[in-house]
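Welcome, and please take a moment to look over the structure shown below.

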Amino acid sequence: MVESALTARTAKVVTADSGQFACAEGDTLLRAALRAGVAATYECNSGGCGTCKFTPSEGKFEQVQDEPNGLTERDHRKGRMLACQSVPTGDCTVSLVLDPEASRAPTPQVRNGVVVDRRELTYDLTELTVQTHRPAPFLPGQFAMVSLAHKAADPMARLKAERAYSMSNLPNSDGIWQFQIKEVPGGAVSGHLARTATEGTRLVLDAPYGHAYLKDTGRDILCIAGGSGLAPMVSVARGLSERADAQERSLLFFYGGRAVRDLCAEEFVTEAADRLHDVTLVEVLSEAEPDTWAGLTGFVHEVLERYEIPDLLRRDIYIAGPPAMTDAVVRLLVLEVQVSATNVYYDRFF
Amino acid sequence: MAFELVTTLDELWEGDMESFDVGDKEILLIHLEGGEVIATQAICPHQQFELVEGELKNAELTCKAHLWRFDLNKCAGINPAHAKLARYPVRVDGDSIYVDPDGDTPKIAHS
């Protein structure tokens, strides 16, 4: 139903460099560009990061969110908009910025799916396995826009209802997508999905998105995950372990939680251990009672600062977690330790 | 060469920066501690972020988005080192700051 709705009518988008592509009715400018193979810059696809700013010169746009965090006062004054929040209402002319690096990622598509399995990982983290008819092409570390099918009656309703969730599994031809949903008090989609999605729940997935995917560099890897950022880091670890050179690659995996009841990374990290040269899991808890936890305590960036990683400057570093954690970790690595900013991969959602 | 009047030293104090539209370019003017005025691109060569929203410390400018850091004296990247910034010619005449927007083009860097 949703898939056919997207092909009903199209708007023509003309770009400043005289390129053009079609935008299906109800699709955002960003998604239409990506679906057409136009590498518009973006990160979160959720209105938060501000990477997909563009300047319209002709045409009208409906906005998904009225006040997205990704736009500043200055942007408003200059008439800039977010491509991920702007749905063209007809033909338009825009100035889009293109990513100078061509992405290896598959182009995103909308798919209907159904929940086929549900597993509790912790008291508030649930793994959902979703089946789609068509294959599941993505790169380890990428995310999907997920909504409940009954809340996606029309494209705008779907855009307003959906949230980004990273896949924790690997791309496959069987159409299997795994997500880890954290129950967020008050979070409309998260709370609802985490509480009510059971076998048979129908979902709409629009995927894949994101740039913080496993790169082909041959370097050893440091993964830093917190909270529901575990899923993409698990996918990166699994992806690394499936590579032809896995036997020569080392993985250091940090996982930060609050208390002992948050711990759940071990099964995923040890799963990759046999095929990799070396795997170390470092778990860090910020609020653990001393009588329940003998391991490392503090915030992830604090422990990372004290932790001796001799080859840190030569590793690829992947980060996913709550904005405060990601920000603190990136500041430490790039500004203080002076890791090259180009070796640090994360998608900013803030 | 076409220098255009952009602003004045009275508007742009030492240690301050501000972005302006000059000709067809978006240009960031920085009045460094010590007095020199630098004109560079307003948008980070990495992605679509205004450098004016970043942190300025002496001649070091850190973009707010991904913490790319630049040495404004050289208009070059500190981290990552391969990044480059445009540098537009500046002429200070009395209190007036003139910039030639045709003197360079904005740089784009891959990550």
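## A partly exposed ring and its partner

Tyr307(A) has a relative accessibility of 29%, so this residue counts as partly exposed. Please keep in mind that the model is predicted.

Where does this ring belong among the aromatic pairs? A search of the whole structure, over all chains, finds 7 aromatic pairs. One of them joins Phe54(A) and Phe61(A) in an edge-to-face arrangement, with 5.5 Å from centre to centre and 70° between the planes. Tyr307(A) takes part in another edge-to-face pair, with Phe254(A) as its partner; here the centres are 5.2 Å apart and the planes make an angle of 80°. This second pair links distant parts of the chain, as its residues lie 53 residues apart. Phe254(A) sits in strand E15 (residues 250-257) of chain A, while Tyr307(A) sits in the loop between helix H8 (300-306) and strand E18 (316-320) of chain A.

Is Phe254(A) buried or exposed? Its relative accessibility is 0%, under the 20% limit, and therefore Phe254(A) counts as buried. The table sets out the accessibility of the residues in these two pairs.

| Residue | Relative accessibility | Counts as |
|---|---|---|
| Phe54(A) | 2% | buried |
| Phe61(A) | 14% | buried |
| Phe254(A) | 0% | buried |
| Tyr307(A) | 29% | partly exposed |

Chain A also has a cluster of rings: ring pairs link Tyr42(A), Phe143(A), Tyr209(A) and Phe349(A).

## A look at chain B

Now let us turn to chain B. How many helices and strands does chain B have? There are 0 helices and 10 strands, and the pattern along the sequence reads β-β-β-β-β-β-β-β-β-β.

The overall dimensions come next. The C-alpha trace of chain B spans about 40 × 25 × 20 Å along its principal axes. Chain B has a radius of gyration of 13 Å, which agrees with a compact globule, because a globule of 111 residues would have a value near 13 Å.

Among the contacts in chain B with a separation of 6 or more, 42% come from residues 24 or more positions apart. The accessible surface of this chain comes to about 5,100 Å², and carbon and sulfur atoms hold 46% of that area.

Terms used:
Residues numbered from 1 in each chain as written. Chains lettered and ligands numbered in written order. Predicted model: local features only at pLDDT ≥ 70, side-chain atom pairs only at ≥ 80, totals over all residues. Heavy atoms only, no water. Helix = DSSP H or I, 4+ residues; strand = E, 2+ residues; numbered from the N terminus. Rg over C-alpha atoms; globule rule 2.2 N^0.38 Å. Contact = heavy atoms within 4.5 Å. Areas by Shrake-Rupley, 256 points an atom, 1.4 Å probe, with all protein chains shown as cover. Phe/Tyr/Trp six-rings, centres within 6.5 Å; stacked < 30°, edge-to-face > 60°. Buried < 20%, exposed > 50% of the residue type's maximum accessible area, 1.4 Å probe, protein only.
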